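Please view the sequence and the structure before reading on.

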Amino acid sequence: MKFGFDIDDTLIDLRAHAFSLYNKKLEKNIPIETFQALQRVEIHEPFGLTDSQGSAMWNSSLEEIYFTDCPIFEQALETLQGLNQQGHDIYYITSRPKHYCAQTQEWMSALGFPIKEGHFFCGMQDAEKVAIIKNLALDVYVDDKPAVLETLHDIETKVILKNQSYNEHVRLPRLHHWHEFDNIIKA
């Protein structure tokens, strides 16, 4: 089978990691429960930042957010390693900026994610992501972003939504914890 995965907030807990970094940088102590209640992807509001200030902070912090000790969701790595050992094809399809592609691939390889040549796609907008998913004719695709998954209703790819506070309103098969993955793909 062919499996596709988004990276940020699907395999790794990027926004929570960034939230922790913001607490340190801004010398705040905003609780994680505040983060977990956010209804949008952006994380700056609890810190009293405007949208433009939040965007500037995010963009100026990308290297640190992307490549420090961002945690992998529990069982995500083991799940992908297991799929790889079973002989399945694994594809990564991320919207991370193009100039971070090589570094992201190296970072993920160092963490133990199975990456094969030609199976890593990076630096595209949502429409390009959707086109890649369709062209690869994936059997299963997992992402946290409803805008990507909701456009895939006309193909045979089974789409799975990685649960996040900002996507709880969406009705798609939902992955709360990676240990549920096998049961979801068999359903």
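Two strands pair if DSSP finds at least two bridges between them. Helices (H or I, at least four residues) and strands (E, at least two) are DSSP runs, numbered from the N terminus. The model is predicted: local features need pLDDT of at least 70, side-chain atom pairs count only at pLDDT 80 or more, and totals for chains, interfaces and linings use all residues. Residues are numbered from 1 along each chain as its sequence is written, and side-chain values use heavy atoms, without hydrogens and water.

| Strands | Sense | Bridges |
|---|---|---|
| β1 (residues 2-5) and β4 | parallel | three bridges |
| β4 and β5 (residues 158-162) | parallel | four bridges |
| β5 and β6 (residues 174-175) | parallel | two bridges |

Individual residues show these pairings in detail. F3 has V140 of β4 as its bridge partner. On the β5 side, V142 is bridged to I160, and D143 stands opposite L161. Further along, K162 stands opposite L175 in β6.

Which residues of strand β4 (residues 140-143) point one way, and which the other? V140 and V142 point one way, whereas Y141 and D143 point the other way. In a regular strand the side chains alternate between the two faces of the sheet. All four of these β4 residues are buried, that is, under 20% relative accessible area, with exposed meaning over 50% and partly exposed in between (1.4 Å probe, protein chains only). Strand β5 is largely enclosed by the rest of the structure, because four of its five residues are buried.
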